[in-house]
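Okay, thanks for making time, everyone. Let me put the model up and then we'll walk through a few spots in it.

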Amino acid sequence: MRSNNNFPALAKAVTGILACLGMSGCVTGPKYHRPSAPTPVAANYKESTVNFQDTDGWKVANPQEAKLRGKWWEIFNDPELNALEDQLNIDNQNIKEYFENLMEARAVIREAHAQYWPTITTSPSFQRSRASGTLANTFNTTNGNGTTNSSGQATNSGQQSTIWSFPVSVSWVPDLWGKIRNEVRQAQYAAQVSAADLENEKLTEQSSLAEYYFEIRGQDALEKILDDTVKADQQALDYAKAQYDTGIGQYISVVEAEATLEAAQSIQINLRIARAQYEHAIAMLVGKVATDFSIPARPELTSPPPIPVGLPSELLQRRPDIAAAERTLAEANATIGIGYGAFFPNVTLSATGGVESSTFKNWFTWPSRFWSIGPSVSQTIFNGGLYRAELNQYIATYNADVATYRQTVLTAFQQVEDNLAAVRIYSQQIERQQSAVKHAQEALDLEMGRYQTGIDPYIDVVTAQTTLLSDQQTLATIEIQRMTSSVALIEALGGGWDNSQLPSPSDLGAKPPKSETQQQR
């Protein structure tokens, strides 16, 4: 009988061989290379150099001016907006959801890393048993005349036994073909996608809040216009009534003045719907119940500040959605490697050892030990082309992700140019509209004088009042659109984010603080 003393040497030898195989194993699948993306030849954005010299209301920041930073909303120099944005970053539930998605992705990295290590299990047991007393063992005996008789009785009839067992099993699958390494890389790239998605969601929520905020300020400005209009219309009505009461004026002038006043009041009331809805939307963004949230009225619309747009060549590094699309490509490439690894055999090293005894006091004595060790290899011989079909699926997914990545880049350039054009054109339109409002006010003043001197009927005053109100509303609406377009431009530029803020695979694989993994109540 072979001595049990060979076990330690055998275990060390097999473990050493497989460790060497694991360290020198090849990695299957293609090496990842970032695909080419559509990039402009021009040194600057087209819309940043067109006709801005004719616009006094807004300018593009010079290249040497400071770039957008993390708290990009502070460029508008509005303390109330700053406070709301800070509150959003803490209490917005959508941002929290994306943050937890990132925590989940980081946990998946650690799950993939765990496959590098052996699995050790144990199952201590205690068993007390008694054999049935009615069982009998049969012994066959042969007589001298050649006949066979059955006789005998159970040797263990009614016997009791006790077994104390403490086994330990070790199983390890060395990463000979890089399957586990590809799974780890896949999890790391997926976590980077989640990190970029989180930043993109933050930017989206921050931009939405800023746009809603400026919409509210625009509604306040519109309401101020209507307040002034209603006051002026009321004065005109009072004058028409006084003229009619003294017998100088006609009753139709009173009716026309009343109709003009009531129309302005109707528009004034309707404005409150949009303001209330924007206020409720901001409440949701900052994690507040709409019932308990309000923003004080402040009729104020200012020109957007100069926004440093940077260079087109930098845009690919500044947008978190582009980073997410590119990391998705890297993840798909690692998945292809996993698909290639399925074609190779799996080698498993397993060992079991422990102690077993009928009495607890002899449990850890040397004769009570037992062990077994042995490697195994498994290889799929035929599965109807499953692995090949899965590999083709992974390749097709990668190719689709390449198209998505390039489309994301094209969309980014479109959005920047769109919003640059919008801010520029709105600024030019505001200049013309301000002139229109000025002349409409002059026309109303002149027409009111002609009416009061009896030259023109009151209907001409009504026409002038309607024109002035329409021009004032149009001006306020364009100013709102210019402010929201400036926010959209900052969002299109990435809001001050860049690729250097994307966590590295090693950072994502580290165990997060306990405060970030506690269950919410």
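**A walk around helix α4**

Let's start with Gln219, which sits in helix α4; helices here are DSSP runs of H or I with at least four residues, strands are runs of E with at least two, and both are numbered from the N terminus. Before I go on, this is a predicted model, so local features need pLDDT of at least 70, side-chain atom pairs count only at pLDDT 80 or more, and totals for chains, interfaces and linings use all residues. Residues are numbered from 1 along each chain as its sequence is written, and side-chain values use heavy atoms, with hydrogens and water left out.

So, is Gln219 buried or exposed? Buried, with a relative accessible area of 9%, where buried means under 20%, exposed means over 50%, and partly exposed is in between, using a 1.4 Å probe and protein chains only. Leaving aside residues up to four places away in sequence, Gln219 touches Leu271, Ala274, Arg275, Tyr278 and Ile480; a contact is heavy atoms within 4.5 Å.

Arg275 takes us to the charges. Arg275 forms a salt bridge with Glu279, with the closest N and O atoms 3.2 Å apart. By salt bridge I mean a side-chain nitrogen of Lys or Arg within 4 Å of a carboxyl oxygen of Asp or Glu. The two are about one helical turn apart, because they are four residues apart in helix α5, residues 251-285. Both Glu279 and Arg275 are buried.

Lys179 is partly exposed at 31% relative accessible area, while Glu183 counts as buried at 16%.

Now one that reaches across the chain. Glu326 and Arg34 meet through their side chains in a salt bridge, 3.4 Å from N to O. This pair links distant parts of the chain, 292 residues apart: Glu326 is in helix α7, residues 320-341, and Arg34 is in the loop between α1 and α2. Glu326 is buried, with a relative accessible area of 5%, whereas Arg34 is partly exposed at 46%.

In that loop between α1 (6-24) and α2 (79-91) you'll also find Asn77. Have a look at its backbone: phi is positive, about 55 degrees, although Asn77 is not a glycine. Asn77 counts as exposed, at 68% relative accessibility.

On to the second largest pocket, with 17 lining residues; Ala232, Asp233, Gln441, Leu444 and Leu468 lie nearest its centre. Which helix gives the most to that lining? That's α4, with eight residues. Each of α4, α8 (386-452) and α9 (458-492) supplies at least two. For the record, on a 1 Å grid over the protein atoms alone, a pocket is an open set of points where a 1.4 Å probe fits, with protein on both sides within 12 Å along at least five of seven lines, and lining residues have an atom within 4 Å of a point.

Last stop, Pro367, in the loop between β6 (346-357) and β7 (369-378). Pro367 is exposed, at 71% relative accessible area. Pro367 and Val355 are twelve residues apart in sequence and 8.5 Å apart in space, C-alpha to C-alpha.
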